[in-house]
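The following briefing concerns one protein model, shown below. Please consult the sequence and the coordinates alongside the text.

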Amino acid sequence: MSEPHPDSADAVRIAIRPVEDGDVAAVIDLWHRAGLYRPWNPPERDIDFARRSPHCALLVADVDGRPVVASVMVGEDGHRGWVYYLAVDPSAQGRGLGRRMMAAAEAWLLARGIWKVQLLVRRENGAVRGFYDALGFETGDVVMMQKWLEPR
């Protein structure tokens, strides 16, 4: 999918596509620079798992021929959709690329018949919460619980 970016005075070319083998190192670097890396979530493991599953996709955006400027991981569990690792290179933020990546993730889910998408945001990340608020997301009245099945 390649098209001019609507929010720019210049016609920016954006191609959103599935991640490829040669992109993995660049995706991990992007996640580090965007502040998404957490040592208890090895990015190589998450990427490999997503790429092996028919219920998940890792999408990346190339902008004006520059590869892996943004990413989003999207998956479905047969009932709900989930979004992870939405990242935009810090030098490209504020140009609508995050919104475009979310639209691609939502389109991926809708194509699979999924009608609700959920995501997790760290409580202290007010800027990101504001971004999702602007996209129509709302804070749910639920408590997220977790249990590690393997030692960290």
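This is a predicted model: local features need pLDDT of at least 70, side-chain atom pairs count only at pLDDT 80 or more; totals for chains, interfaces and linings use all residues.

Residues are numbered from 1 along each chain as its sequence is written, and side-chain values use heavy atoms, with hydrogens and water left out.

- Helix H3 spans residues 97-111 and reaches 21 Å from first to last C-alpha, close to the 21 Å expected at 1.5 Å a residue; helices (H or I, at least four residues) and strands (E, at least two) are DSSP runs, numbered from the N terminus.
- The buried residues of H3 include Leu 97, Met 101, Ala 105 and Trp 108, where buried means under 20% relative accessible area, exposed over 50% and partly exposed in between (1.4 Å probe, protein chains only).
- After H3 comes Gly 113, with a positive phi near 80 degrees.
- The largest nonpolar core holds 26 residues, and Leu 97 and Met 101 have the most contacts inside it; such a core is a set of buried Ala, Val, Leu, Ile, Met, Phe, Trp, Tyr and Cys residues joined through side-chain atoms within 4.5 Å.
- H3 gives this core its largest share, seven residues.
- Another core, of 14 residues, lies apart from it and has Val 19, Leu 30, Ala 50 and Tyr 85 among its members.

**Arg 80**

- Arg 80 is located in the loop between E4 and E5.
- Arg 80 is buried without a salt bridge, and Asp 77, the nearest side chain of opposite charge, is 7.0 Å away; a salt bridge requires a side-chain nitrogen of Lys or Arg within 4 Å of a carboxyl oxygen of Asp or Glu.

**Salt bridges**

- The whole structure contains nine salt bridges.
- Arg 33 pairs with Asp 29 at 2.8 Å, N to O; these residues are four apart in helix H1 (residues 24-33), so about one helical turn separates them.
- Arg 33 also forms a salt bridge with Asp 89, with the closest N and O atoms 2.2 Å apart.
- This second pair links distant parts of the chain, 56 residues apart: Asp 89 is in the loop between E5 and H3, and Arg 33 is in helix H1.
- Asp 89 is buried at 4% relative accessibility, whereas Arg 33 is partly exposed at 38%.
- In helix H2 (residues 43-52), Asp 48 and Arg 52 are four residues apart, and their salt bridge has its closest N and O atoms at 3.0 Å.
- Salt bridges also link Arg 17, Glu 20, Asp 23 and Asp 62 in a network.

Terms used:
The expected span of a helix is 1.5 Å times one less than its number of residues. Lys and Arg count as positive and Asp and Glu as negative; His and the chain ends are not counted.
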